[in-house]
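Hello,

Here is the structure for you to look over. Notes on what turned up follow below it.

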Amino acid sequence: QVQLVESGGGLVQPGGSLRLSCAASGRIFSINTMGWYRQAPGKQREFVALITSGDITNYADSVKGRFTISRDNAKNTVYLQMNSLKPEDTAVYYCNVNSRSSTWARPYDYWGQGTQVTVSS
């Protein structure tokens, strides 16, 4: 019932920057958290960053100080500003939204389609 559309991925040189966006639409009563995960070839999906409805943020140690997560409540959109990118940041990045469709509904996790980020010279 919730659709997530990701954008902003691409190819960037080491040390460069990218900004990912993820817009949520559909039956959204409230959003508990919005976040980003990534999966590199041959590796498991890993946590990158999370932001709560109260704008509390959390980051994986590997990206702390380089990535910044933010949200726009009016647009139901979460962003990931990625600076000082490294080759090891190369992965498919997935948006995650945990939300309720109504006051009675149980929170549910929704996932975006993934967007490729490649950091290479």
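Strands in the order 1-3-8-7 make up an open sheet of 4 strands with antiparallel pairing. Its edges are strand 1 (2–7) and strand 7 (67–72), each of which pairs on one side only. Averaged over the sheet, neighbouring strands are turned by 15° against each other, direction ignored. Axes here are lines fitted to C-alpha atoms, for helices over the stretch in contact, with angles from 0 to 180 degrees between N-to-C directions. Strand 3 (residues 18–26) and strand 8 (residues 77–82) run antiparallel and are joined by 6 bridges. Cys22 stands opposite Val78 in strand 8. Two strands pair if DSSP finds at least two bridges between them. Strands (E, at least two residues) are DSSP runs, numbered from the N terminus.

**Ground rules**

This is a predicted model: local features need pLDDT of at least 70, side-chain atom pairs count only at pLDDT 80 or more, and totals for chains, interfaces and linings use all residues. Residues are numbered from 1 along each chain as its sequence is written, and side-chain values use heavy atoms, with hydrogens and water left out.

The whole structure holds 3 aromatic pairs. One of them is Tyr37 with Trp111, edge-to-face, at 5.0 Å centre to centre and 65° between the planes. This pair links distant parts of the chain, with Tyr37 in strand 4 (residues 30–39) and Trp111 in strand 10 (residues 108–111), 74 residues apart. Rings of Phe, Tyr and Trp (its six-membered ring) pair if their centres lie within 6.5 Å; planes under 30 degrees apart count as stacked, over 60 as edge-to-face and the rest as tilted. Tyr37, Phe47 and Trp111 form one aromatic cluster.

Tyr37 is partly exposed at 21% relative accessible area. Trp111 is also partly exposed, at 37%. The cut-offs are under 20% for buried, over 50% for exposed, and partly exposed in between (1.4 Å probe, protein chains only).

Arg45 places its charged end over the ring of Tyr94, 3.8 Å from the centre. That charged end also sits over the ring of Trp111, 4.8 Å from its centre. The test is NZ of Lys or CZ of Arg within 6 Å of the ring centre and within 35 degrees of the ring normal.

**Arg38**

Arg38 lies in strand 4. At 5% relative accessibility, this residue is buried. Its side chain makes a polar contact of 3.0 Å with that of Asp89 and one of 3.4 Å with that of Ser62. A polar contact is a pair of N or O atoms within 3.5 Å; within protein, one must be able to donate a hydrogen and the other to accept it, and residues adjacent in sequence count only if both atoms are side-chain atoms. Beyond four places in sequence, Arg38 touches residues including Arg45, Phe67, Asp89 and Tyr93. Contact means heavy atoms within 4.5 Å.

Is Val117 buried or exposed? Buried, because its relative accessibility is 0%. Val117 is found in strand 11 (residues 115–119). Its C-alpha atom is 6.0 Å from that of Val92, 25 residues away along the chain. Contacts of Val117 beyond four places in sequence include Gly9, Leu18, Met82 and Asp89.

Ile56 lies in the loop between strand 5 (46–52) and strand 6 (57–59). Ile56 counts as exposed, at 54% relative accessibility. Not counting residues up to four places away in sequence, Ile56 touches Leu50 and Ile51.

Best wishes
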